[in-house]
Amino acid sequence: MRIGFPRALYYFDHFPFWAGFFHSLDIEVVTSPPTHRQIMDQGLKKANDETCLPLKLLAGHIQALKDVDWIFLPRIVSVEANTYTCPKFLGIPESLLPAVPQGMPVLTVTMNWRKGKRQVLKELDFLGEQLGKSRSDIRKAFSKGLEWQKKYQDSMGAGWNFEESILELKQAAKNSAESTKVPAPILWKERPTPQFPGDAQTTDRLRIALVGHSYLTQESYANLNLLKRLREKADVELVQNVHHEEVESHLLGLRKKIFWSHSKQIFGAGNKFAGDQRVDGIIYLTCFGCGTDSMVQELVSRKAREHHKPYMVVTLDEHSGEAGLVTRLEAFLDMVERRKVHEGYVSAYGERLDRDSNAL
Ligand code: SF4
């Protein structure tokens with residue numbers, strides 16, 4: 001059995017869990033190819049005009065899945081206690097059905113961790129029934145999924161790249177599928193934990209924090225290779241590399257809790273970067289039509305202003321052009337560099353002007 005998993009949206013956060021889960025059930029998971037022009041165009045045709053770019057991309061990736069028996073579109077309601085995912089996640093799979101090729105069955109399951117593990121397992125049992133798997137198979141698969149997800153998240157916390165982590169995951173799955181003699185895959189083998197160069201202050205390179213949803217910061221086609229371009233010129237910190245505990249500690253002081261899980265992570269990490277003297281500037285990557293970012297981006301910008309941190313917002317949509325992005329990026333990095341080298345941390349022009357001059 002081959003299950004199609006679109007390489008968009010929750011792929012960037014939850015794929016390791018589902019890869020481990022289906023691997024344990026002896027089901028092959030086929031992902032769509034990395035985004036390209038045609039995928040984007042197909043997505044634009046099938047998705048609602050008013051929706052955000054990541055959902056349009058998801059619509060395109062669904063159509064790019066070939067030779068699969070099912071398309072897997074989970075409804076991820078909540079990933080931890082007291083939070084929800086964005087309302088647009090809750091509308092999946094129904095809102096994406098127009099993108100599903102005619103006659104292709106959709107496999108779905110509701111993941112709601114707010115209601116606890118027992119409820120999640122109940123939903124997975126129902127999924128297992130559709131796949132002809134027993135309850136004990138599902139229990140084993142669930143543990144395997146959690147194990148892969150944890151290793152993946154630990155690897156991100158240790159500063160691994162998303163691509164590196166996913167490659168490691170795929171290699172492990174391939175090894176264990178090729179030979180039954182190969183012991184259970186050992187993921188993310190012992191490797192020295194990467195050090196951020198700025199930790200030891202050994203380099204003059206700039207250190208820039210790229211803040212935003214994983215499915216925007218890691219989606220190189222949609223973000224016009226922003227991450228790669230940035231890495232050529234600076235050391236980059238990502239929200240996804242910040243440990244959960246640090247995120248939580250930087251949420252304290254908010255007058256009201258943020259109840260969208262991604263937004264919590266973005267604000268907590270953004271707040272940490274704003275106060276971190278080793279970070280020279282913050283770029284907030286958002287997309288047109290994102291409801292949660294319209295609020296969280298403002299909160300992060302206030303924190304950046306409070307700490308006199310250079311700050312820039314990049315808003316993506318399907319019409320974003322490379323030339324405009326490159327120009328803005330270069331101007332921002334020039335400004336940050338100038339400030340670092342020539343002005344120190346305090347503006348020479350007085351607090352008021354400095355406060356207003358930290359955003360491009
Ligand atoms: S959080 Fe924003 S970008 Fe993500 S799915 Fe919701 S509206 Fe779209």
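Me: How many residues of the shell around the ligand are nonpolar, polar and charged?

Reply: The shell divides into 8 nonpolar, 3 polar and 1 charged. Ala, Val, Leu, Ile, Met, Phe, Trp, Tyr, Cys and Pro count as nonpolar, Asp, Glu, Lys and Arg as charged, and the others, Gly among them, as polar. This is a predicted model, in which local features need pLDDT of at least 70, side-chain atom pairs count only at pLDDT 80 or more, and totals for chains, interfaces and linings use all residues. Residues are numbered from 1 along each chain as its sequence is written, and side-chain values use heavy atoms, with hydrogens and water left out.

Me: Which residues are around the ligand?

Reply: Among them are Cys-52, Cys-86, Lys-88, His-213, Cys-287 and Cys-290. A residue is near a molecule if one of its heavy atoms lies within 4 Å of it. Helices α3 (53-64), α4 (87-90) and α12 (291-306) each give two or more residues to this shell.

Me: Why does the ligand lie between domain 1 and domain 2?

Reply: Both domain 1 (2-155 + 159-178) and domain 2 (206-342) give residues to its shell, so the ligand lies between them. The domain bounds come from an automatic or database domain assignment.

Me: What volume does the largest pocket have?

Reply: About 1,200 Å³. On a 1 Å grid over the protein atoms alone, a pocket is an open set of points with protein on both sides within 12 Å along at least five of seven lines. The volume is the space filled by probe spheres set on the points.

Me: Which residues line the largest pocket closest to its centre?

Reply: His-14, Val-79, Gln-149, Gln-153 and His-244, out of 38 lining residues. A lining residue has an atom within 4 Å of a point. Helix α6 gives the largest share, 8 residues. The lining divides into 18 nonpolar, 14 polar and 6 charged. At least three residues come from each of domain 1 and domain 2.

Me: Why does Thr-217 count as buried?

Reply: Buried means under 20% relative accessible area (1.4 Å probe, protein chains only). Thr-217 has 1% relative accessibility, so Thr-217 counts as buried. Helix α8 (residues 214-217) holds Thr-217.

Me: Which residues is Thr-217 in contact with, leaving aside its neighbours within four places in sequence?

Reply: Leu-210, Val-211, Gly-212, Asn-223, Leu-227, Leu-238, Gln-240 and Leu-285. Contact means heavy atoms within 4.5 Å.

Me: How many helices and strands does the protein have?

Reply: There are 14 helices and 10 strands. Both are DSSP runs: helices (H or I) have at least four residues, strands (E) at least two. Of the 360 residues, 51% are buried.

Methods. On a 1 Å grid over the protein atoms alone, a cavity is a set of points where a 1.4 Å probe fits but cannot get out, and a pocket is an open set with protein on both sides within 12 Å along at least five of seven lines; lining residues have an atom within 4 Å of a point. Buried means under 20% relative accessible area, exposed over 50%, partly exposed in between (1.4 Å probe, protein chains only).
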